[in-house]
Amino acid sequence: MTRRWFRWLAAAVCCAGAASAGAQEIDSERSRIGFELRTRWGQRVDGTFARHQGMVTALADGRQQVQLTLAAAAIEVADSTYYTVMARGPQFFDAARYPYIDFLSEPHREALVHDGGKLRGKLTLHGVTRSESFILQPAECARPGRDCDVVATGVINRADYGLSGYRLVLSDWVRFTMRVRLKNEDE
């Protein structure tokens, strides 16, 4: 296990200990997290993170905090072995050197998940940590994450994270898409 994994686990344990209602684990089987790139010719390249995990922690002050870890070595791109190798390789996500992509949200009101809006936090990608925002869509049900997906999108500039490979072929923007479900309380 890497140091990053231990840091994530320590943060999860720390926040869970301070939580009033505890932590809810993200259901990695029912959640879908992906990304989209565009080529300079307008072709869309879609990828998914086949392995991911996370928690939503209820904090003592009534707010929530989201932690999410994506495995860069588990990236799959558009059913293409060629693009998958490129995305995992040293010219892009560089999964061998940077095996995880981490997001830790700022504490936020639970209403954000129902009403939609900006979920702000720190994204660590390719060894660089920056503040980013993901846009949550308004919930389509009374219990988002349980009875319907929590849907979020966010766009980053890959140059901000040192993802400089394939600049002649790929645009500078990476769009993340998330459809997140929580594990059932009885699991």
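Two strands pair if DSSP finds at least two bridges between them. Strands (E, at least two residues) are DSSP runs, numbered from the N terminus. The views below come from a predicted model, in which local features need pLDDT of at least 70, side-chain atom pairs count only at pLDDT 80 or more, and totals for chains, interfaces and linings use all residues. Residues are numbered from 1 along each chain as its sequence is written, and side-chain values use heavy atoms, with hydrogens and water left out.

**View A. Strand β5 pairs with β7.** Here β5 and strand β7 (residues 100–105) lie antiparallel, with five bridges between them. Look for alanine 71, whose bridge partner in β7 is tyrosine 100.

**View B. Strand β5 also pairs with β4.** Strand β4 (residues 52–59) runs antiparallel to β5, and seven bridges join them. You can find glycine 54 opposite leucine 68 of β5. The two strands form a hairpin with four residues between them, and glycine 62 in the turn has a positive phi of about 95 degrees.

**View C. Strand β5 is covered on both faces.** One side carries Gln64, Val66, Leu68 and Leu70, the other Gln65, Gln67, Thr69 and Ala71, and all are buried (under 20% relative accessible area, with a 1.4 Å probe and protein chains only). Because eight of the eight residues of β5 (residues 64–71) are buried, the strand is largely enclosed by the rest of the structure.

**View D. Cysteine 141 and cysteine 148 form a disulfide.** The structure holds one such link, defined as a pair of cysteine sulfur atoms within 2.5 Å. Here the S to S distance is 2.1 Å. The link is left-handed, with -75 degrees about the S-S bond. Both cysteine 141 and cysteine 148 are buried.

Technical notes:
Buried < 20%, exposed > 50% of the residue type's maximum accessible area, 1.4 Å probe, protein only.
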